[in-house]
Amino acid sequence: MKTTPFYFFTAVIISALGSASADDEKHVTCGSAIKLTHVESGGKYLLQSDERQLQSGSGQQLVTAAENNRSPNGLWQVREGTDENTCEVGTPVKCGQVIRLMHIGTGSNLHTHGIRSPLSNQHEVTGFGQEGKGDAGDDWKVVCEGGSYFGGANEYWNRDKPIQFVSVGSNRYLGSSSTVKFTEQNCGRGCPILNHLEVFARSTNDSYSHW
C-alpha cells in the first residue's frame, strides 16, 4: 500500500474472505482482511490487538499500534455495522458506510466507550465481544479523504487514499500518536507493550485521527 505525505493511516489488503472482484485491486471490500498503517508515526506502526487485557479502566481487550508489521495480530476483517444490512463479501465499502472491524485472531470488535484511556486521558479503544458479536460501541463510520461521505471520486473506500473512522455512538475519531507511547516509566519494567502507541478515540478531527 503506498503512503501519502500527510499524517494518515492507510489500509493494506491482505486477503478477501470469499470471491474476489475487479474492484479488489482498488477498493476495500466487505470481508477483506486488512492491516491499518499509521502514517503519522512514519508508516511503521499498525493497529493491532491480542488476548491481553487492559490493566486499568474497563479491563477489556488491549488495542495498540505496534511496529511488527508481520504479526497476524494486525489483521482485521471488514464487516457490516451492528444494525446494517448484510454486506456481501467482495462488495466495495462506501464512504459514509457504517462498519465493524473484527480482530481476526480473537474475534473481538474494535470498540470505544466513555472510559478514559490510560495515557492521554481520551476515550479508550479496546477489543470487545466474541465471534464478531458485540454492541453499538463497535460501529464506525467510514470517512473518506477530504471529509466527503458521498459522491464523485470519494464514493468508495480506496486502498491508497487517506481514511478516518468516526464512532457512531460517541462521534469521536479513532486515533493514535507517535508522542503517546508506552514506556517503562508509564507501564513498568518488563512491560509487554513496551514502545507500542496508545490507540484512543478523540473529539478532534486532526492529523492524529486520520487512518
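This is a friendly dialogue on reading the features of one predicted model.

Reader: Before we start, what should I know about the numbering and the model?

Author: Residues are numbered from 1 along each chain as its sequence is written, and side-chain values use heavy atoms, with hydrogens and water left out. The model is predicted: local features need pLDDT of at least 70 and side-chain atom pairs count only at pLDDT 80 or more, while totals for chains, interfaces and linings use all residues.

Reader: How many helices and strands does the chain have, and in what order do the elements run?

Author: Helices (H or I, at least four residues) and strands (E, at least two) are DSSP runs, numbered from the N terminus. Here the chain has 1 helix and 12 strands. Read from the N terminus, the order is β-β-β-β-β-β-β-β-β-β-β-α-β.

Reader: What share of the chain is buried?

Author: The word has a cut-off: buried means under 20% relative accessible area, exposed over 50%, and partly exposed in between, with a 1.4 Å probe and protein chains only. Of the 211 residues in the chain, 52% are buried.

Reader: And what do the contacts say about sequence separation?

Author: A contact means heavy atoms within 4.5 Å. Among the contacts in the chain with a separation of 6 or more, 64% are between residues 24 or more positions apart.

Reader: Let me try a strand. Which way do the side chains of E10 point?

Author: The general idea comes first: in a regular strand the side chains alternate between the two faces of the sheet. In E10, Ile163, Phe165 and Ser167 point one way, Gln164 and Val166 point the other way, and all are buried.

Reader: Why is E10 described as largely enclosed?

Author: Because 5 of the 5 residues of this strand, residues 163-167, are buried, E10 is largely enclosed by the rest of the structure.

Reader: How many bridges join E9 to E10?

Author: Two strands pair if DSSP finds at least two bridges between them. Strand E9 (residues 140-144) is joined to E10 by 5 bridges, and the two run antiparallel.

Reader: Now the cysteines. How many disulfides does the structure hold?

Author: A disulfide is a pair of cysteine sulfur atoms within 2.5 Å. The structure holds 3 disulfides. With the bonded cysteines numbered in sequence order, the pairing is 1-2, 3-4, 5-6.

Reader: What does the link of Cys30 and Cys87 look like?

Author: The sulfur atoms of Cys30 and Cys87 are 1.6 Å apart, and with 70° about the S-S bond the link is right-handed. This pair links distant parts of the chain, 57 residues apart: Cys30 is in the loop between strand E1 (9-16) and strand E2 (32-38), and Cys87 in the loop between strand E5 (76-80) and strand E6 (98-103). Cys30 is buried at 1% relative accessible area, and Cys87 is buried at 14%.

Reader: Which handedness does the link of Cys95 and Cys144 have?

Author: The link of Cys95 and Cys144 is left-handed, with -100° about the S-S bond. Cys95 is in the loop between E5 and E6 and Cys144 in strand E9, so this pair too links distant parts of the chain, 49 residues apart. Its S to S distance is 1.9 Å. Cys95 has a relative accessible area of 0% and is buried, and Cys144 is buried with 4%.

Reader: Why is the disulfide of Cys187 and Cys191 right-handed?

Author: Its torsion about the S-S bond is about 70°, so the disulfide is right-handed. The S to S distance of Cys187 and Cys191 is 2.0 Å. Cys187 is partly exposed at 30%, whereas Cys191 is buried at 10%.

Reader: Finally, how many cavities are there, and which residues line the largest cavity?

Author: Rolling a probe the size of a water molecule over the atoms shows where empty space is left. On a 1 Å grid over the protein atoms alone, a cavity is a set of points where a 1.4 Å probe fits but cannot get out, and lining residues have an atom within 4 Å of a point. Grid points are joined across faces, edges and corners, and a volume is the space filled by probe spheres set on the points. The count is 2 cavities of 30 Å³ or more, and the largest cavity holds about 70 Å³. Its lining includes Leu54, Phe182 and Glu198. E4 gives the most to this lining, with 3 residues.

Key. 1 Å grid on protein atoms, 1.4 Å probe; cavity = no way out; pocket = protein on both sides within 12 Å on 5 of 7 lines; lining within 4 Å.
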